[in-house]
Amino acid sequence: MSIAFIFPGQGSQAVGMGAELAKAYAPARAVFAEVDEALGQSLSTLIWVGPEDQLTLTENAQPALMAVSLAVIRVLEAEKGLSLKESAAFVAGHSLGEYSALAAAGSLSVADTARLLKIRGQAMQTAVPVGEGAMAALLGADLSQAQELAKAASEGEVCAAANDNAPGQVVISGTRAAIERAVALAPKFGARRAVLLPVSAPFHCALMQPAAGVMQEAVSEVRISAPSVPLVANVLASAISDPEAIRARLIEQVTGMVRWRESMLYLRDQGVDSLYEVGAGRVLTGLARRFEGFEARSVGTPEELEAAATALQARDA
């Protein structure tokens, strides 16, 4: 049996995340400094001090979450002797977390990843005027039910499954009117509950096509190397390592569905039994509990990092 390192997406951010890591470990401080320099802004101050409304802006939240994840990885490597290649069989990340996973596996540099995520956040935010798009979580519905609901609610507008997160948890995305119709119709399609999400844009649907065009140009200009361990891609729910395949999937990912449930099933089928959620929050750890056969832990604070390092060392012994 083996390990996968997984990386959180937007929504896991919180003011103060990573501050204890930076205080405790020089390699963590170096990551935040590297990100600040790459972006030409003191993102680290925004991460640690706020204000929250600025941190939650998509263009800031995306590189910020990556910075925290990579700070953890760098400390594990530099101070705890972790070799990602030797310890993990796969990496995966939820939406923007896919970029964090690629940086952790050496496919992208931290500086390039920060710049790409800044561009990605700006492009996704401006693709649809504020207020014209929406997303909603469907609780208790499976993917096929969510897709049928989206079809019924669309009425010629965009409405689609955006995140297939876990059994009984699917997120839909589209125009605000279509999503509001879907919320009203949800009980007829098997959803126990439908909740509008506090997001600033309708991610992972066809409305993001302008952002996909921006990212096609942006990713064409950066060097992508083969990752040290395979990436389980969001849009494929299977592993890839070829740099050009990775480049293409990063573009498709902007409008494509995040196939997280299928990705977790793929990992389990490949013999993965341990998941380490690297970075802020515990969202992916919580989702992992909806699947049988996984032991999952979060690694985002000094205490969690020390515990994870001990567990990894014992496993490798």
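Buried means under 20% relative accessible area, exposed over 50% and partly exposed in between, computed with a 1.4 Å probe on protein chains only. The model is predicted, so that local features need pLDDT of at least 70 and side-chain atom pairs count only at pLDDT 80 or more, while totals for chains, interfaces and linings use all residues. Residues are numbered from 1 along each chain as its sequence is written, and side-chain values use heavy atoms, with hydrogens and water left out.

**View 1. The aromatic pair of Phe32 and Trp48.** Rings of Phe, Tyr and Trp (its six-membered ring) pair if their centres lie within 6.5 Å, with planes under 30 degrees apart counted as stacked, over 60 as edge-to-face and the rest as tilted; by this rule there are four aromatic pairs. In one of them, the rings of Phe32 and Trp48 are edge-to-face, because their centres are 5.0 Å apart and their planes stand at 75°. Phe32 belongs to helix H2 (residues 26–39) and Trp48 to helix H3 (residues 43–49), so the pair ties together parts that are 16 residues apart in sequence; helices (H or I, at least four residues) and strands (E, at least two) are DSSP runs, numbered from the N terminus. Phe32 counts as buried at 2% relative accessibility, whereas Trp48, at 29%, counts as partly exposed.

**View 2. The aromatic pair of Phe291 and Phe294.** These two rings, Phe291 and Phe294, are also edge-to-face, with 6.3 Å from centre to centre and 70° between the planes. Phe291 counts as buried at 6% relative accessibility, and Phe294 is buried with a relative accessible area of 15%.

View 3. Not counting residues up to four places away in sequence, Ile3 touches Ser87, Ala88, Ala89, Phe90, Val272, Ser274, Tyr276, Leu312 and Arg315, where contact means heavy atoms within 4.5 Å.

**View 4. The largest pocket.** A pocket is an open set of points on a 1 Å grid over the protein atoms alone, where a 1.4 Å probe fits, with protein on both sides within 12 Å along at least five of seven lines, and lining residues have an atom within 4 Å of a point. About 660 Å³ of space lies in the largest pocket, the volume being the space filled by probe spheres set on the points, which are joined across faces, edges and corners. Of its 28 lining residues, Gln10, Gly11, Asn163, Leu197 and Val199 are the closest to the centre of the largest pocket. Helix H14 gives the most to this lining, with three residues.

**View 5. The second largest pocket.** The second largest pocket has a volume of about 160 Å³, and of the 16 residues that line it, Ala280, Gly281, Gly300, Thr301 and Glu304 are the closest to its centre. Helix H1 gives the most to this lining, with three residues.

**View 6. The largest nonpolar core.** A nonpolar core is a set of buried Ala, Val, Leu, Ile, Met, Phe, Trp, Tyr and Cys residues joined through side-chain atoms within 4.5 Å. Of the 80 residues in the largest one, Phe5, Val35 and Val91 touch the most other members, and H5 gives the most to this core, with eleven residues. Leaving aside its neighbours within four places in sequence, Val35 is in contact with Leu43, Met66, Ala67, Val110 and Ala114.
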